[in-house]
Amino acid sequence: MSSPSPQPQMDPKIWSKLPPEILEQILSFLPLKTFFNLRSTCKGFWSLIFSPSFITKHSSPSSTSPFSSFLLLSHPQFHRHFPLYDSTLATWRNISLSLSHSLSLHHHNNNNNFTSLVSSGGLFCISDYSSSSFVVCNLLSKSSRKIEYPSSFFHLEHLTFVATPNGYKIFVLSSHPSSSRNNAFLYDSNKLSWSKFESFDPIVGDNHHQQGVFHNGGLFFATPEPFSVVRFDLESGKWESDVGELPNQVTFIRLVSDGEGKLFLVGGVGSNGISRSIKVWEMGEEGDWVEVEVLPDIMCKKFVSVCYHNYEHVYCFWHEGMICICCYTWPEILYFLVGRRTWHWLPRCPSLPMKCSCGFKWFPFVPKLYASV
C-alpha cells in the first residue's frame, strides 16, 4: 500500500515576493473569525492591514466590505456574549462577539452595571452608572473611548447613538430630581464635548427599546399616545413637532431609516389598543406617509400574539435592505425585505435554551475595522 504523497511545499522564493496589492486582495476575502485572529500571528500581516493603501481601499464608502453583515442577539443568559446571525449567508455562525476586551480597558469588572447598549456604524455605545460614563467601542479593532456623563446629576431616560458620515453622536435624555422636565444632551465625536438643549419630553414613553432615527441631518422620534413624529435638528438643536400626518387608527408606531434618504414608518392598525394589521409606510416628497406593504394576516396574528399586545416591547431597525421588527419578549425577528417586498421570520438561535425569559435585544452589526471611536 503506497503512502500518501506529501503535501506540496510553498516555495518561499515565490511567495515571499507576492506583491502587497495582491496580498491585500487575498486578505479581503478572509472570513471574520480568521481576520480577528490574523493580527496576532504575524507582524507583517498586522502592518499590512493597517497600511494606508489597505485603509483607503477598505474604508471608503464605495468599497466592498471584507466582512459579512450580522445580526447580534443579546440575552441575559449569554452574559454579554453575542451570537452572530450572518444575514449575508442566512445562517447562524458558531462564533460570538464579546465586550470583555473593551470593558477591561476601562476597569469594569461587573457587567451587570451596564444599563443600556446600542449600536450604529460598526460601533457600540454602552452606558454604565458605576463609572458615570459611556463607553464607545469598536469590537473589531478592539479600540474604545470613555466619555463622562454630561452632568453630575444624571439619570438616563433615553439613549440614541448614531454614526454619521463624519463621526458619531450620542443623544441622551436625563431626568433631574429638582425638575419635572428632562434635559437633552448631545455629544459630538468631532468636538469631543457635550451640548445641552431643551427636551421634548413625550418622546420617552413606550419606546424604551427604540432609538431615535437619523435622517436628513436630524433625529426622528415617535412619541407615545397621542402618537406623533418629532424631529431634533442636530445642527441647531431645535425641535419640530407633528412631522407628517399619521395614518388613521394606529395602535403603535416605530420609525426606520435606510440611511440613504428614505424614512419608513412601521405601525399597527386597529382599535382599542388591539392591532388587526401591521403596515409599512414611506414618507413621501410632500411629507405624507405613503403605504408600502401590509404584513400577511397569518404572520400578523403570530406577531401580535407573541408580544401579547404589549407594544412597548416592540422596536425596529434597518439592516442591509431589511426592516427588522423585534419584540423584547420573543427570540425571533420578523423582517421585511424592502427590495423584494416579502416578509420572513429569522430562524431561532440554536444555542438559545428552549426555556428562557424575556430580554431579547437585537443589534445590526456591519463590521468596520476603521470606524473611529
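This is a predicted model: local features need pLDDT of at least 70, side-chain atom pairs count only at pLDDT 80 or more; totals for chains, interfaces and linings use all residues.

Biologist: Okay, then which residues of helix α7 are buried?

Modeller: Helix α7 covers residues 297-306, and its buried residues are Met 299, Cys 300, Phe 303, Val 304 and Val 306. Looking down the axis of α7, those buried residues fall within an arc of 165°, so they line one face of the helix.

Biologist: What sits on the face of α7 turned away from the buried side?

Modeller: That face carries Ile 298 and Lys 301, which are exposed.

Biologist: And what do the buried residues of α7 pack against?

Modeller: Strands: β18 (274-283), β20 (314-319), β21 (322-327), β22 and β23. Also, just after α7 you'll find Tyr 308 with a positive phi of about 55°.

Biologist: Let me zoom out. How many helices and strands are there in the protein?

Modeller: Seven helices and 24 strands. The protein has 373 residues, and 49% of them are buried. Its accessible surface is about 18,900 Å², with 53% of that belonging to carbon and sulfur atoms.

Biologist: What about contacts along the chain?

Modeller: Take the contacts between residues at least 6 apart in sequence: 46% of them join residues at least 24 apart.

Biologist: Back to strands. How many residues of β10 are buried?

Modeller: Six of six, for the strand spanning residues 183-188. Both faces are covered, with Asn 183, Phe 185 and Tyr 187 buried on one side and Ala 184, Leu 186 and Asp 188 buried on the other.

Biologist: Which strands does β10 pair with?

Modeller: On one hand there's β9 (residues 167-175), antiparallel to β10 over six bridges. In that pairing, Phe 171 has Leu 186 of β10 as its bridge partner. Then there's β11 (residues 193-198), which is also antiparallel to β10, over six bridges. There, Asp 188 is bridged to Ser 193 in β11.

Biologist: What's between β10 and β11?

Modeller: Four residues, and the two strands form a hairpin. Leu 192 in the turn has a positive phi of about 55°.

Biologist: New topic: what is the order of strands in the sheet with β12?

Modeller: It's an open sheet of four strands, ordered β12-β13-β14-β15, with antiparallel pairing. β12 (213-215) and β15 (239-240) are at the edges with a single partner strand each, so one side of each has no neighbour in the sheet.

Biologist: How many bridges join β12 to β13?

Modeller: Three, with β13 covering residues 218-223. In one of the pairs, Val 213 has Phe 220 of β13 as its bridge partner.

Biologist: What does the side chain of Arg 231 make a polar contact with?

Modeller: One partner is the side chain of Asp 233, at 3.2 Å. That pair also meets in a salt bridge, and both residues are buried. Leaving aside neighbours within four places in sequence, the residues in contact with Arg 231 include His 215, Phe 220, Trp 239 and Val 243.

Biologist: How many salt bridges does the count come to?

Modeller: Seven. Another one is between Glu 293 and Arg 341, at 3.3 Å from N to O. That pair links distant parts of the chain, 48 residues apart: Glu 293 is in β19 (residues 289-294), and Arg 341 is in the loop between β22 (334-337) and β23 (342-345).

Biologist: Is Arg 341 buried or exposed, or in between?

Modeller: Partly exposed, with a relative accessible area of 45%.

Note on methods
Residues are numbered from 1 along each chain as its sequence is written. Side-chain values use heavy atoms; hydrogens and water are left out. Two strands pair if DSSP finds at least two bridges between them. A salt bridge is a side-chain nitrogen of Lys or Arg within 4 Å of a carboxyl oxygen of Asp or Glu. Buried means under 20% relative accessible area, exposed over 50%, partly exposed in between (1.4 Å probe, protein chains only). The arc is that of the directions from the helix axis to the C-beta atoms. Contact means heavy atoms within 4.5 Å. Accessible areas come from the Shrake-Rupley method with a 1.4 Å probe; for residues, only the protein chains shown count as cover. A polar contact is a pair of N or O atoms within 3.5 Å; within protein, one must be able to donate a hydrogen and the other to accept it, and residues adjacent in sequence count only if both atoms are side-chain atoms.
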